[in-house]
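This report describes selected side-chain contacts and the overall form of one protein chain. The sequence and structure are shown first.

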Amino acid sequence: EVLQFQNIGRYVTRGVEAEASYRDSRGWYGFGGVSFNSVGTEVIDDMGNTELVFGKVFDAPKITAAGGVSTPKLFGYAHLGLEGQYISRRRTRLADDPMAAAAAKTSIPWVGLNATLYLPNLRGFDVTFGGRNLIGKRDQVPAPDDYDRFPDPATTIVVAKIPGEGREVYVKVGY
C-alpha cells in the first residue's frame with residue numbers, strides 16, 4: 001500500500017505586515033515586525049457550491065510579532081542580543097466539533113524571549129552563547145489528525161494540541 005498526500009484545498013491569506021530595523025553608527029541595532037492576518041479556505045455547502053470562509057482555518061494565528069535589539073561590543077568583547085516573539089491564539093482542527101473539549105478548541109497565545117551573547121574573534125574563534133524560550137512556557141501547537149491514537153477499534157484518543165519547543169540553551173563555536 002502506498003501513502004499518497006494531496007493538497008485538495010485552497011487557502012487565501014489577506015492582511016497587513018510591517019517591518020522596520022534601525023542601526024546607528026555606534027553599533028546599536030533594533031528590529032521589529034508585526035503581521036495581522038485573516039486566512040480563508042473554501043467550504044463546500046450541501047448544494048455543492050464553494051464559498052471562501054475566513055477565520056476558521058486550523059493553526060492560522062491572526063497576529064504574529066517579533067522585536068529585538070543588539071548592542072555594540074560591550075566592554076570591547078561581546079555583543080548582547082534580545083528578541084521577543086508573540087503568536088496569537090490559533091484554532092485547533094476540533095474548533096467546530098461540538099463534542100470536543102473546550103480546552104481543545106483554541107490554543108493559548110504564546111510569548112517567547114530569546115537571548116544571545118556573541119564573542120567575535122576570541123583567540124581566533126567566534127563563540128556564541130544563547131538561550132531560546134527563556135520564559136520557559138511551551139507553545140501549545142495545534143496537532144494534525146495523524147497525532148490521534150487508536151488503541152482499539154472502539155476507542156480514539158484525540159490529540160488536539162502538542163507542546164512546542166521548551167527552553168533551550170546552546171553554545172556555538174566557529175573558526
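## Aromatic contacts

The structure examined here is a predicted model. A search of the whole structure gives 2 aromatic pairs. In one of them, F125 and Y175 are tilted relative to each other, with 5.2 Å from centre to centre and 50° between the planes.

F125 counts as partly exposed, at 37% relative accessibility, whereas Y175 counts as exposed, at 82%.

A ring is also involved in a contact with a charged group. The charged end of R14 sits over the ring of F54, at 3.6 Å from the centre of that ring.

## A salt bridge between E42 and R10

Side chains of opposite charge can pair when their charged atoms come close. In this model the count comes to 5 salt bridges. One of them joins the side chains of E42 and R10, with 3.0 Å from N to O. Distant parts of the chain are linked by this pair: E42 is in strand β2 (residues 29-44), R10 is in the segment before β1 (11-23), and the two are 32 residues apart.

E42 has a relative accessibility of 35% and therefore counts as partly exposed.

D59 forms a salt bridge with R90, in which the closest N and O atoms are 3.2 Å apart. Here D59 comes from the loop between β3 (50-54) and β4 (63-70), while R90 comes from the loop between β5 (79-87) and β6 (110-122); they are 31 residues apart. D59 counts as partly exposed at 30% relative accessibility, but R90 is buried, with a relative accessible area of 6%.

The side chains of R90 and D139 also meet in a salt bridge, at 2.6 Å from N to O. Because R90 lies in the loop between β5 and β6 and D139 in the loop between β7 and β8 (140-142), this pair ties together parts that are 49 residues apart in sequence. R90 and D139 are both buried.

## Overall form

The protein has 12 strands and 0 helices. Its pattern along the sequence is accordingly written as β-β-β-β-β-β-β-β-β-β-β-β. Among contacts between residues at least 6 apart in sequence, 54% join residues at least 24 apart.

The radius of gyration of the protein is 22 Å, whereas a compact globule of 175 residues would have a value near 16 Å. Along the principal axes, the C-alpha atoms fill a box of roughly 70 × 40 × 35 Å. Of the 175 residues, 23% count as buried. The protein exposes about 12500 Å², and carbon and sulfur atoms supply 57% of this area.

Conventions
Residues numbered from 1 in each chain as written. Predicted model: local features only at pLDDT ≥ 70, side-chain atom pairs only at ≥ 80, totals over all residues. Heavy atoms only, no water. Phe/Tyr/Trp six-rings, centres within 6.5 Å; stacked < 30°, edge-to-face > 60°. Buried < 20%, exposed > 50% of the residue type's maximum accessible area, 1.4 Å probe, protein only. Lys NZ or Arg CZ within 6 Å of the ring centre and 35° of its normal. Salt bridge = Lys/Arg side-chain N within 4 Å of Asp/Glu carboxyl O. Helix = DSSP H or I, 4+ residues; strand = E, 2+ residues; numbered from the N terminus. Rg over C-alpha atoms; globule rule 2.2 N^0.38 Å. Contact = heavy atoms within 4.5 Å. Areas by Shrake-Rupley, 256 points an atom, 1.4 Å probe, with all protein chains shown as cover.
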